Amino acid sequence: MIRKYVDVICLNDKAGNIKPLYLIWDETKKIPILKVKEICPRASLKVGGSGLRYTCMFETNKIRHLYYDRGKWFVEVNDHVI
């Protein structure tokens with residue numbers, strides 16, 4: 001399991017909330033986030049790091065954790081595959 005840093009397209013509302021809308025995997029792959037199920041402060045026990053953990057549902061109906069840590073986004077992956 002590794003930490004892969006990714007770009008994320010977000011909505012920042014006037015109340016200061018951040019809602020991730022798309023995960024940019026690479027230059028050719030933009031993955032929509034269908035739903036954010038939970039947002040909570042957590043550490044990644046698998047790859048280290050901490051911050052806000054967004055539990056997200058992606059178009060493949062997979063649930064993944066997306067972390068926002070010190071201004072950067074990352075996901076936990078095996079072999080660079082989401």
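Is Cys10 buried, partly exposed or exposed? Cys10 counts as partly exposed, because its relative accessibility is 25%. The model is predicted. The structure holds zero disulfides and four aromatic pairs.

**Cysteines**
- Cys10 takes part in no disulfide, and the nearest cysteine sulfur, that of Cys56, is 9.5 Å away.
- The sulfur of Cys40 lies 11 Å from the closest cysteine sulfur, in Cys56, so the two are too far apart for a bond.
- Cys40 is buried, at a relative accessible area of 7%.

**Aromatic pairs**
- One of the four aromatic pairs joins Tyr5 and Phe74, with an edge-to-face arrangement, 5.9 Å centre to centre and 65° between the planes.
- This pair links distant parts of the chain, since Tyr5 is in strand β1 (residues 2–12) and Phe74 in strand β6 (residues 72–77), 69 residues apart.
- Tyr5 is partly exposed at 40% relative accessibility, whereas Phe74 is buried at 0%.
- The rings of Tyr54 and Trp73 form a tilted pair, because their planes are at 55°; their centres are 5.2 Å apart.
- Tyr54 in strand β4 (residues 50–58) and Trp73 in strand β6 are 19 residues apart, and their pair also links distant parts of the chain.
- Tyr54 is buried at 2% relative accessibility, and Trp73 is buried at 7%.
- Tyr5 and Phe74 belong with Tyr67 to one aromatic cluster.

**Lysines over rings**
- Lys4 lies over the face of Trp25, 4.8 Å from the ring centre.
- The charged end of Lys30 is placed over the ring of Tyr22, at 4.5 Å from its centre.

Note on methods:
Residues numbered from 1 in each chain as written. Predicted model: local features only at pLDDT ≥ 70, side-chain atom pairs only at ≥ 80, totals over all residues. Heavy atoms only, no water. Disulfide = S-S within 2.5 Å. Buried < 20%, exposed > 50% of the residue type's maximum accessible area, 1.4 Å probe, protein only. Phe/Tyr/Trp six-rings, centres within 6.5 Å; stacked < 30°, edge-to-face > 60°. Helix = DSSP H or I, 4+ residues; strand = E, 2+ residues; numbered from the N terminus. Lys NZ or Arg CZ within 6 Å of the ring centre and 35° of its normal.
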